[in-house]
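I open this notebook with the structure in view, and I want to record what I looked up, one topic at a time.

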Amino acid sequence: MVLWSFWSFFLLSCASLFAFHPKHNAQAEVSLPRSVAGFHHSEETPLEVRETGESPGVQVKQKVNKSSEVLSRLEPGAALKTSFGHHIPNGKKTPVGIKANYQSGLKIPVGKCENISEERPAATVIPERTVSVKAKKIKRSASLSGNVDMNIGREEAHSRERFVETVQGVSNSRVEYRRTGEEARGSNPKQSEPNLDTSTFALSGDSAHNQAMVHWSGHNSSVILILTKLYDFNLGAVTESSLWRSTDYGSTYTKLNDKVGSRTVLSYLYVCPTNKQKIMMLSDPEVERAVLISSDEGATFEKFPINFNILSLLFHPTQENWILAYSHDNKLYSSMDFGRRWQFVHDNVMPGRFSWAVMGLDRESDVVHIETRIAKGRAQYVKCRAQRCTEGNRQYLFPGHVDTNSLVVQDEYVFTQVTKSGRAKYFVSYMRESFKQMRLPKYCLPKDMHIISTDEKQVFAAVQEWNQNNTYSLYISDSPGVFFILSLENLRTSRGPAGNLLVDFYKVEGINGMYLANKWVDNHIKTFITYNKGQTWALLQAPAMDVAGNNLQCFLPFCSLHLHLEMSENPYTSGPVTSKKSVPGIIVATGNIGMELTSSSLGMFITSDAGNSWRQIFDEEYNIWFLDNGGALLAVQHAVTPIRHLWISLDEGKKWDRHSFSLAPLYVDGVLMEPESDNHIITFFGHFSHRSEWQLIKIDYKGLFSRRCMDGDYQTWYLHNKGDLCVMGEKQIYMKRRPGNRCMLAQDYSRIYSSEPCLCTSYDFECDYGWERQADGKCSAAFWFNPNGVAKSCSTSQSFLNSTGYRKVLSNNCKEGGRNVYSPRRVPCRPRAPRGVRLSTSHGELSATVGDNVTFMIYLDDGESPTTSIQLDFGDGIKITYSNLSRTDDGIKHIYRTAGLYRVTASAENSQGSDSSMLFLHITSPVERVYLSAPIVAIRGKATNLTAVVWPSQPRTLTFFWWFDNSSEPIITLEGSVSHTFHKLGKNKVTVQVACGSTVMQDSKVITVKEFFRSLLLSFSPALDEHNPDIPEWRDDIGRVVRTALSQVSGVPEDQLLVSLYPGIPTTAELFILPDEHASAEHKRKSEDALETISNIFVTALNQGLIQFELKPNIRIIVYMTQQTLAPLVDSNPIHSGSAMLMLLSVVFVGLIAFSVYKFKRKIPWIHVQTEDNHEKEPEVISTVGQNDTMSKVKLSEFPSQKELMEKELEGRNRGGFGRNMERVVTREFPNCTNV
């Protein structure tokens, strides 16, 4: 206790000597190399925030292939300060760590299965070994897989900001910046300090430059390139740049501005991931648009102009010269000669939603997978070849539309998402086969999904269930990625500044099936570990002693070790947790001991036996790297003050040697090294003071070792799980260097000494889909799952494999004993009647467009699929029959050629019985035009027929909304006709809206309502038909011209006349004569007489050809009145000769019928003919009323003959009553003349 009190007082005294530096958190996202980060980071921005900031949803973040990288530019304004902590004038400490950001873009928001990139004003993603370091505010940008966005900067009193930007090829990882601690003394006293070979070089003349990009070619190359820039934040552009090159691992540098052009301003540096000797640099687009290409690690450059601005690049995973470039205007370009020539691929491409072919899966290596936006929130999955992506060469592999920012092509999988009625459905294609819907437990009801990993042909997904708000659950799939089971509930998650999902889940490198995760337990965050790929999880046992050797009274389950499971966004800081495939069993992490994970009292912890036991190595935060192929550890303290020491351990952190790397303390911006090389070179870069040049310190630590390791320098250790030697179904013995031996490891020495399979136990198996793990460890069927369901693998008179509720964990190597307790059992097929037939479309939609390929899916809950025949009746007269259900696994496709409502029926039948299911499918066709057919004049109080004519005609598939004047609610009908009674005199507006799917079109008419009116039918000279485009506007204009001509000839005011032209050819119209609006109701009779007089005047004028108008120069149109009675049988006007001939034939035909009836005395309904032997009575017309009705009979002989009618008509004309028989006196509703 006395010793403890002394140290407490000492630490308190030390703390009082230093100014308190408040900490602040910031998060950013970066994709780290696959060798560093086991999981692919999914960037999420509520689905549809990428490019346009639209809908939330599931995003899928794409993962870049091991050898491919996506390089995109970092936004100039976004800056993340180095985790080593630059000194800041205001005393604040810079953020350091980066939280694991799993965007799985099935968002998959993307949830996003893998690479989800948001549209950013100027984002930068950099190739292998490059770091982006910027100052100013921290801003998260969505990056493509394989991008590294790292910003480091320092602020000066005069607002100057420094930047070191490095580029390194990467895979996916999670990211979160955490607070750093102050620099303090080492945890252990310095034991020895062998001399390190160090040299320092200053980039003279670039002190004003506030950005830098550093690239080390690697693969034992001695070349290092540094691009420094002066970025003007006010102009938003680079105004100066310098390119430096070293050929001796950074001992000296040469300025190359003269080689690239003294006036050329360079903005970005890219490196080919498959050939590090190939370099591409971009000139600043504000000055010139060009690329500079080098094939000899920057020794020489060629300049090629381009006609677009490059925002991001994606290199091919195997072909070093093939590149995809994404432009500022959402267009995709391809180059097959490393940027010398570019060809347009596709437009409207979503940011980050494009990828190269995956070798072994896509037939052609130049295939490109693209997501193209077609409407708000809707996109298409397009596949084509990079140099031949014309419309005819494109493939649309997903049937229908997908959500924007949901396409992810990752390893063997392609993910996408479709949202309907507020619920998202997720689809997966495995090995480039047809898409299948991803199946989670029935009542999971996911609100959001993110793909975390697709390693080892298995999908890990973070799923937010319907009853979760701030947490997600971990689900694991089978190999095809279709059926998912629950692994761990309530994972700790958070959102980055851009809305991307950060998941505390970490894969331990080098040990198969080992993962770490943070989850919520009773409002506390605790760290758990699994050794069997998520079948069982356990808390971490805390160390027995702290770094000072004091005993810790920490006992499970009340107290345990908790770790920060974040991956650094900066590739030149290690991040809070580190493991390496070449060093199996060793994990170094930042954490604390207690009841829960906190951000205070942090220290560094290490395990050398794969998490079974832990030791504390520092009581503050450090960046720790593996050196010498994992044989040594390098530690550099987080500090806001300059430092000059580093620590190296050769015995797995038990003893640390302190070494000086600089004579003067350095503000460290980053550490550069090649992890898989034999050169033993480390490069520190930073600055001595705020106004100093960029300093690069080369450290050669080869002097720490005296020789290469021999066989006697190694020892073996057993992998175990709390004493159980069987991990993932096998006993494994690993080999490592004996701690403390100062010998250099060979790159190719084997880490695994021996491996032996174990007998299987229940925990070598996970519960199969529809089964759940019980407290006793056994799997039992969930309440919603029928384990005796359909067996599609069953064949007639044979057996099938039936699940026992278990499925073997993928990559587990156990072997089963004599009794296969857990593996599927072979069960004989038994005849069963089909039951539970379910029919649906592939996406659950009940509507489609004419010509679309509709895919129907048939499911059978119970029954034998091989012996059950399936018949599908599409409802359009076509039926199809399959001999068994297995033939319908990929769905049944059908194309409907006409619009309509179809009843689709699926029937299943075998010798034991039958079952059926049906759905009603709406097939629509895009509505091209809507015309409201209605009279322009109506009688008040009388029903008026209104008809909506739709092109093309679509019976029973449209909805009609009828709006009358200022009505607050429409009349809704499924038919295109409605009858309405107008009660208000004057003008009444009628609007009809026609809804077809998501399309709504409308037409309106103004109907004048009067007590009475008169009308005349009009026709025109044939020349008018030749100039009739048959559109409403043209008809309105001609009607207005005719009305004016009538008014001028007759002197009748235009407000008493209405002329309505009817659609179609020949051109016809109707003239409406309205009563004077100022006439009182008492003079109604006089008004009617006045209308009759006006009508007679118009009849005379029309028949005399007085109504004319000029259509065009030298083209005059005469308006006639249509001859309704006594029309000439042969019209001199050729346009009407057909109608006259038809009338003639009709008269002849009716006459023949009358003659036959009279001649042959045959009875016809309603006509009764009586005859006698010697005398024929005159025929009578029999009333339709009953025999008791006293209605007078009218004899045929009483009808005037045709000759008499003609004479009376001629007599009437001579007396001046010519028009009396030609006009129509209307006292009721005038019916529609045209109903198209």
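**Entry on the model.** I note before anything else that this is a predicted model.

**Entry on helix H4.** I asked how far apart the end C-alpha atoms of H4 are. The helix covers residues 1032-1050, and because its 19 residues at 1.5 Å a residue should span 27 Å, I compared that value with the distance between the end C-alpha atoms, which is 27 Å and agrees. I then looked up burial along H4 and found that Trp1034, Arg1035, Ile1038, Gly1039, Val1042, Ala1045, Leu1046 and Ser1047 are buried. Just after the helix comes Gly1051, for which I wrote down a positive phi of about 80°.

**Entry on the sheet that holds E71.** I traced an open sheet of five strands, and its order is E69-E75-E74-E71-E72, with mixed pairing. At its edges I found strand E69 (937-939) and strand E72 (971-973), each of which pairs on one side only. From one strand to the next, the twist averages 30°. Which residue in E72 is the bridge partner of Phe960? I found that the partner is Thr973.

**Entry on the sheet that holds E67.** Here I traced another open sheet of five strands, with the order E61-E67-E66-E63-E64 and again with mixed pairing. Its edge strands are strand E61 (847-849) and strand E64 (879-882), and each pairs on one side only. The twist in this sheet averages 25° from one strand to the next. I checked the pair formed by E61 and strand E67 (residues 913-924), which run parallel and are joined by three bridges. On E67, I noted His922 as the bridge partner of Ser847. As background, I reminded myself that strands of a sheet pair through backbone hydrogen bonds, either parallel or antiparallel.

**Entry on the nonpolar cores.** The largest nonpolar core has 32 residues, and the members that touch the most others are Leu243, Met280, Met281, Val291, Ile310, Leu313 and Trp342. I listed the elements that give two or more residues to this core, and they are strand E8 (224-232), strand E11 (266-271), strand E12 (279-283), strand E13 (290-294), strand E15 (310-315) and strand E16 (323-327). The most comes from E11, which gives five residues. I also recorded a second, separate core of 28 residues, which includes Ala1045, Val1052, Ile1073 and Val1099; Ala1045 is one of the buried residues that I had already noted in H4.

**Entry on the largest cavity.** I asked how much space lies in the largest cavity, and the value is about 200 Å³. Its lining has 21 residues, of which Val583, Ile586, Gly630, Glu652 and Lys736 lie nearest the centre. Strand E42 (632-637) and strand E51 (730-737) are the elements that give two or more residues to this lining, and the largest share, three residues, comes from E51.

**Entry on Ala782.** I located Ala782 in the loop between strand E56 (779-781) and strand E57 (799-802).

Definitions and conventions. Residues numbered from 1 in each chain as written. Predicted model: local features only at pLDDT ≥ 70, side-chain atom pairs only at ≥ 80, totals over all residues. Heavy atoms only, no water. Helix = DSSP H or I, 4+ residues; strand = E, 2+ residues; numbered from the N terminus. Expected span 1.5 Å × (residues − 1). Buried < 20%, exposed > 50% of the residue type's maximum accessible area, 1.4 Å probe, protein only. Pairing = 2+ DSSP bridges. Axes fitted to C-alpha atoms, helices over the stretch in contact; angles between N-to-C directions. Core = buried A, V, L, I, M, F, W, Y, C linked by side-chain atoms within 4.5 Å. 1 Å grid on protein atoms, 1.4 Å probe; cavity = no way out; pocket = protein on both sides within 12 Å on 5 of 7 lines; lining within 4 Å. Points joined across faces, edges and corners; volume = space filled by probe spheres on them.
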